[in-house]
Amino acid sequence: MKKSIMPVFLFCTLAACNTSKPVTENSVSIDKNPLLTESKLPYGTPDFSLIKDEHYRPAIMDALRQKKALVQHIIDNTEPPTFDNTVVALERSNETLGRVLAPFYALSGAHTNDTLQKLQEDVAPLMAEMKDFIYLNNDLFKKVKQVYDERNELKLDAESSWLLQETYTDFLIAGAALSAEQKEDLKKINTKLAALSAKFSKTLLAANNAGALMITDVSDLEGLTKAELEARKTADGKGWKIPLQNTTQQPLLTSLVKRNTREKLFNAGWQRGNGGVNDTKAIIIDIAETRAAKAALLGFKNYAEWQLQKTMAKKPENVFEMFSGLVPGATAKARVEADTLQQMIYKSGFGFNLEPYDWNLFSEKVRKEKYDLDESEMKPYFLLKTVLEKGVFYAANLLYGISFKERKDIPVYHPDVLVYELFEEDGSTLGLFYGDFYARPTKRGGAWMSNLVNQSKLFNKKPVIYNVCNFPKPAEGEPALLTFDEVETMFHEFGHALHGFFANQMYPSLSGTSVSRDFVEFPSQFNENWTLYPDVLKNYALHYKTGAVIPQSLITKIKKSSSFNQGYALTENLAAANLDMQWHTIDSKTKINDALVFEKEALTRTKLDVVKAVPPRYRSTYFNHIWGSGYAAGYYSYLWTEMLHHDAFEWFKENGGLTRKNGRRFREMILSKGNTENLEEMYKKWRGSDPKIAPMLKARGLQ
């Protein structure tokens, strides 16, 4: 997944002068705070060797003061409002705050602690207040509207004209046209929602950590390899600890032989957030009902209707229409798969009925039997760093001509983080990439991309981008071998990174991945297509011991099995996306008494519970995408953009496949555009037609 995109006025790296006086908070001198001055490292990347926990709070508070003073200056300016002194000035108002927040949010997600978690809770409502200070300020809106009304006489270039349109629209969406009384009510709602979201993220992280399964008898872990056992051994050597992944299904369920252990591990994940000190049910109900109230105040029937205004889907009805077209085929295929697994259970000498915690183990048995393909047979060919350098980077080199050089002189926030410098084909610099791949208790679940420095011509900034994953870290001295799904995740997240690296915008708020949720996943999903592309696969799929290239027989098995288990995969995805939309299409009068009852009824309504053994990919209680990471009413976007990426790959196949010419065209017409034009028109201009769903259905084995 891509990390949530914070509102552009907060997160973009913009430029401004320091209008506030040096102050001191928490006994840290502002004058000496490394977050409040431009880093001397290449590309202005944060110097994590200088930044300490105690620097963040005073830096954020001072940066907020600077931001507010600069915006107030725009409001108080007695000169007639112009594009430069109003719209561009807003772009310029965030340099310090953007520089401070980028490393703060990076660590809050990837390497947090009690100090940062507390600060995250404290900062969330302040960010909401800042957004309201800008977008609900009547005098500022009048200035923006005046510039917008005069747009036809301004003779702006295309990107500047788009920025003006986006800025004006953002004010309207945020509630700028409300009455003064309504604005005060909205401010309270926004502050509350920010605090609730931060509280959810903190509670879920604690629930994930507390939910780790502890095992004291090694026989309960039958099926795991020696390396897997070593990697999960507790510090005292007296047991084994299996941490929880973000998803409902847990990776080791594919291997664990003992059903009782599988059931315990599955339930540890399924029940997190449900009861106890880390219960999230009341929090998510409060968030959902408060979002519904916000939508009503803004004149919308529900939160999804308000949220989808600037997306490709446009309205909830279009999302539900997509669901209705996919659910019957997905669940029908899942039913057939479930019957096949049940027969495999009987064939294996067991008499129990298929449950969710049985699915992965017995689907692996079916895959071995049907396709003669074993996950453990593949993993030796997928060594993490080889996949990265000879796979992910190699594909990018073939397509776009860019090259990579590891940098060990750049300070990082954790010893496991890798850093690479990127270069264009002509040798000019492109940016810095950080790869943080291993799971740890201080990291939230999932995988994502974000920026430490945003690209911007306005401020002569080149991008600094990081990918974060949660792959199990091997024991000391053992190789970091990946599953095929984890290999795809690496390609996926670097697709986001390429979208950011190829950004070519004047204004930071339009740069790179600053596009709608149902487009932002397109470049990342599209990049997954190179995972199995012959020229790429044979370059990185090398046996970690012998260096032998993955045999063609194994490649053939992988490709033949590509549509295997797709009924399950699509149904679990649809179930999660449906839950998201059901939570966010309640009206302001709806009161939810029980989160899990609401969830059950939501799945029943859309017939996504007809295959008992297929649970949602995320349960409501730990659905971080929609409660803590900015994907509210947006999780459908993974399916929406899946249609785009399969359709786009068809174009590549029709035009010669992986060639520099095709890569150059895709970069110039899609990846470099950021949010500078209508996304539907952008895609159609590149593709030559509207996207078609048939390639997606074919890839899923549904057609």
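Is Arg407 buried or exposed? At 16% relative accessibility, Arg407 counts as buried, because buried means under 20% relative accessible area. Keep that cut-off in mind. It returns several times below.

First, a word on what you are looking at. This is a predicted model. The protein chain averages a pLDDT of 93, and 96% of the residues score at least 70. One stretch needs care: over residues 1-27 the pLDDT is below 50. In the model, that stretch still has 112 contacts beyond near neighbours in sequence.

Back to Arg407. Its side chain meets the side chain of Asp409 in a salt bridge, 2.8 Å from N to O. How many salt bridges does the model hold? The count comes to 43.

Take another one. Glu424 and Arg667 join their side chains in a salt bridge, with 2.7 Å from N to O. Glu424 sits in the loop between strand E6 (418-423) and strand E7 (429-438). Arg667 belongs to helix H25 (residues 660-671). These parts are 243 residues apart in sequence, so the pair ties them together. Glu424 is buried, with a relative accessible area of 18%. Arg667 is buried too, and its relative accessible area is 18%.

Next, look at Lys443. It forms a salt bridge with Asp436, and the closest N and O atoms are 3.1 Å apart. Lys443 and Asp436 are both buried. Salt bridges can also link up into a network. Here, one such network connects Glu38, Glu95, Arg99 and Lys461.

Now find the sheet. Five strands form it, in the order E5-E6-E7-E9-E8. The sheet is open, and its pairing is mixed. Which strands stand at the edges? They are strand E5 (403-406) and strand E8 (448-453). Each has a single partner strand, so one side of each is left without a neighbour in the sheet. From one strand to the next, the twist averages 30°.

Zoom in on one pair of strands. E7 and strand E9 (residues 464-471) run parallel, and six bridges join them. Tyr434 has its bridge partner in E9: that partner is Tyr466.

Helix H16 (residues 384-400) lies across E5, E6, E7 and E9. H16 runs at about 15° to E6.

Two more residues are worth a visit. Start with Gln525, in helix H18 (residues 517-527). At 8% relative accessibility, Gln525 counts as buried. What does the side chain of Gln525 make a polar contact with? The partner is the side chain of Thr641, at 3.3 Å. Leaving out residues up to four places away in sequence, Gln525 touches His492, Tyr638, Thr641, Glu642 and His645.

Finish with Thr261. This residue is found in helix H10 (residues 259-270). Thr261 is buried, and its relative accessible area is 3%. What does Thr261 touch, not counting residues up to four places away in sequence? The residues are Leu213, Ile215, Asp220, Leu221 and Leu256.

Conventions:
Residues numbered from 1 in each chain as written. Predicted model: local features only at pLDDT ≥ 70, side-chain atom pairs only at ≥ 80, totals over all residues. Heavy atoms only, no water. Helix = DSSP H or I, 4+ residues; strand = E, 2+ residues; numbered from the N terminus. Buried < 20%, exposed > 50% of the residue type's maximum accessible area, 1.4 Å probe, protein only. Polar contact = N/O pair within 3.5 Å; in protein donor to acceptor, adjacent residues only side chain to side chain. Contact = heavy atoms within 4.5 Å. pLDDT = per-residue confidence, 0-100. Salt bridge = Lys/Arg side-chain N within 4 Å of Asp/Glu carboxyl O. Pairing = 2+ DSSP bridges. Axes fitted to C-alpha atoms, helices over the stretch in contact; angles between N-to-C directions.
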